[in-house]
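The following report describes the strand and helix arrangement of a protein model and then its metal site. Please consult the sequence and the structure shown here.

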Amino acid sequence: MITMDNIIREGHPTLRRSADLVTFPLSAEDRKIATEMMEFLSNSQDEKIAAQLNLRAGVGLAAPQIDVSKRIVALLIPGEYEDDPPELAKVMFNPKIVSHSIESACLKGGEGCLSVDREVPGFVVRHSRITVSYQDAEGVTHKARYKGYIAIVVQHEIDHLNGVMFYDHINEQAPFAVEDDVIIIE
Ligand SMILES: O=C(O)C[C@@H](Cc1ccccc1)[C@H](O)SCc1ccccc1
Ligand code: NI
């Protein structure tokens with residue numbers, strides 16, 4: 001089971017590496033990693049379990065964050081209301097942004113990261129819409145389009161596969177300065 005003890009923090013070299021492609025058929029180890037990453041997100045979003053295990057809530061997790069330099073991301077984005085199905089519940093292998101909008105967007109509250117134990121204020125400007133190609137656990141390639149908050153989360157996770165941290169995107173001189181046409185997501 002993954003807990004916060006398994007999540008490496010900024011300064012660890014694995015967070016700055018470009019992760020390796022996953023090969024298919026999946027090894028038992030890679031299958032286990034994917035399952036445990038999704039289990040972590042689910043546990044982190046369950047108040048009781050998160051309190052018992054002292055987990056920080058997460059909506060996404062990339063394998064490099066548990067010191068596994070492989071191109072695997074888990075996404076578990078809750079629905080609007082408690083009893084709603086998740087907006088997105090998926091493990092992506094070898095995800096790649098194959099196209100994106102010219103338009104940009106950022107979260108009004110900025111971003112955080114399970115691998116960063118500090119606040120880093122500022123707008124993290126990303127693509128407002130993306131098309132992602134990825135493989136599922138059977139190695140079948142899919143294409144999916146995301147926009148808004150989901151697109152932001154997916155980009156945050158794919159950044160981890162390329163050794164990019166969210167604060168790399170923040171303008172140090174003017175952290176909250178953005179072009180007029182950037183969509184600010186509440
Ligand atoms: O560290 C991670 O990669 C997981 C982040 C993903 C994230 C994506 C977009 C914007 C901020 C963070 C965690 O989910 S951070 C905690 C969190 C929890 C609920 C909602 C938003 C952020
Ligand atoms: Ni992160």
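## Sheet architecture

In this predicted model, Arg-129 is positioned opposite Lys-147 of strand β7. Strand β6, spanning residues 129-135, pairs with β7 in the antiparallel sense, and seven bridges join the two.

These strands belong to an open sheet of five, arranged in the order β1-β2-β3-β6-β7 with antiparallel pairing. From one strand to the next, the twist averages 40°.

## Helices on the sheet

Helix α1 (residues 28-44) packs on the sheet, where it touches β1, β2 (72-77) and β3 (88-100). The direction of α1 makes an angle of about 30° with that of β2.

Helix α3 lies across β1, β2, β3, β6 and β7. Relative to β2, α3 runs at about 155°.

## Nickel site

The nickel ion (ligand 2) has three protein donors: Cys-113 through SG, His-156 through NE2 and His-160 through NE2, at 2.1 to 2.3 Å from the ion. Along the chain, the donors of this nickel ion follow the spacing C-x42-H-x3-H. Cys-113 is located in the loop between β4 (104-107) and β5 (126-127), whereas His-156 is part of helix α3 (residues 148-161); the pair therefore ties together parts that lie 43 residues apart in sequence.

Both Cys-113 and His-156 are buried.

Methods: Residues are numbered from 1 along each chain as its sequence is written. Chains are lettered from A and ligands numbered from 1 in the order in which they are written. This is a predicted model: local features need pLDDT of at least 70, side-chain atom pairs count only at pLDDT 80 or more; totals for chains, interfaces and linings use all residues. Side-chain values use heavy atoms; hydrogens and water are left out. Donors are N, O and S atoms within 2.8 Å of the metal (3.2 Å for Na, K and Ca); water is not among the atoms, so sites may look incomplete. Helices (H or I, at least four residues) and strands (E, at least two) are DSSP runs, numbered from the N terminus. Buried means under 20% relative accessible area, exposed over 50%, partly exposed in between (1.4 Å probe, protein chains only). Two strands pair if DSSP finds at least two bridges between them. Axes are lines fitted to C-alpha atoms, for helices over the stretch in contact, and angles run from 0 to 180 degrees between N-to-C directions. Contact means heavy atoms within 4.5 Å.
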